[in-house]
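Subject: Structure handover

Hello,

My notes come after it.

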Amino acid sequence: MDAEEIVEELYALRPEEFVAARDARAAEARKAKDTAAAKRIAGLRRPTVAAWASNRFVRSRPEDAERLRALGATLREAHRTLDAATLRQAAAEQHRMVAALVRETAKLAREAGHPLTESAQRELEQIFHAVLGDQDAADQWATGTLAKAPEAVVGFGTVAPEAVDAARKRSGAQGRSAAEELGEAEEPAPARAAPRSARAPKQNPGRRRLAQARAADKEAAEEARRLHGEREAAEEARQAARDRVTEADERVARLEEELREARLARREARAAADEADTAAKEAARAAQQAHRTAERAARALAGLSEGD
């Protein structure tokens, strides 16, 4: 069996159809003795509503999906090279595009009978931002087989000092330092230099602010990862509970059908038993009547024999 083709087929289904279809496909793979495919399919997670809507968008709007991936590549490259002008332009485009894509995806979901809640739209924004910030997330998203939002992306990674030096050299010809290009203005020099013995070590304000920004970015990233882990655990617990509810509903439906069939069989058995009871009583009465008739016949026969 082509497991990847089946995966794509399953993630194109509505969320409420996923579990039954997945189990059926896994059973087919086991029946076909394809252990690897059976394991792959059985391990698939039911998509969240936001992930399902995102998958639907990728399949329905491939050109818009490619535009988002291209913008993500531009943002990551601009951040890597400290191209402030491109960063500003791409960041503005990022906000416009994400907002527009959330609206379009919500429209597609609504037309398919699944209006997105506020929390689902927030998860959808997280998906789109992850696509912009991480190449692996973008590649996975493009397959249209997401089960949940990728891990939150905070910033675009750390910036090496040598990258700052390179940016400073590139912008020096234009009279702007790399720190200024990133919005970090140089502090004015003191009016009179202090004696060398009392003079503090000279520090580049841009580097100091960059270090502070890095520390803040790292702290924010760690906090975001922690909160994302908690959210992911809660989402997994909720999804597992929903899967159990779905499976319980399906089992209840099967048991209710069996109960209806059992009740019908019981009614039929009772009716047959009543008929058999009536027939038995009638047979008993007939037997008694026959017995009495036989006795009378025997007495009559005996009388005739004495007369002879």
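Below are the ground rules, then the findings by region.

This is a predicted model: local features need pLDDT of at least 70, side-chain atom pairs count only at pLDDT 80 or more, and totals for chains, interfaces and linings use all residues. Residues are numbered from 1 along each chain as its sequence is written, and side-chain values use heavy atoms, with hydrogens and water left out.

**Helices α2 and α3**

Helix α2 covers residues 15–31 and helix α3 covers residues 35–42. Helices here are DSSP runs (H or I, at least four residues), numbered from the N terminus. The two pack at an angle of about 170°, with axes 8 Å apart. Axes are lines fitted to C-alpha atoms over the stretch in contact, and angles run from 0 to 180 degrees between N-to-C directions. That angle makes α2 roughly antiparallel to α3 (over 145 degrees). Their crossing is left-handed (the near helix is turned anticlockwise from the far one by less than a right angle).

On the α2 side, the contact (heavy atoms within 4.5 Å) uses Arg-22, Arg-25, Ala-26, Ala-29 and Arg-30. On the α3 side it uses Ala-37, Ala-38, Ile-41 and Ala-42.

**Lys-33**

Lys-33 sits in the loop between α2 and α3. Its phi is positive, about 65°, although Lys-33 is not a glycine. Lys-33 counts as exposed because its relative accessibility is 73% (exposed is over 50%, buried under 20%, with a 1.4 Å probe and protein chains only).

**Leu-101**

Leu-101 belongs to helix α6, residues 84–111. At 6% relative accessibility, Leu-101 is buried. Leaving out residues up to four places away in sequence, Leu-101 touches Phe-57, Asp-64, Leu-68 and Phe-128. Its C-alpha atom is 8.7 Å from that of Glu-125, 24 residues apart along the chain.

**His-114**

Where is His-114? It lies in the loop between α6 and α7 (118–133). Its relative accessible area is 17%, so His-114 is buried. A polar contact of 2.9 Å links its side chain to that of Glu-16 (a pair of N or O atoms within 3.5 Å; within protein, one must be able to donate a hydrogen and the other to accept it, and residues adjacent in sequence count only if both atoms are side-chain atoms). With residues up to four places away in sequence not counted, His-114 touches Arg-14, Pro-15, Glu-16, Trp-52 and Ala-109.

Best regards

Terms used
Parallel < 35°, antiparallel > 145°, perpendicular 65-115°, else oblique.
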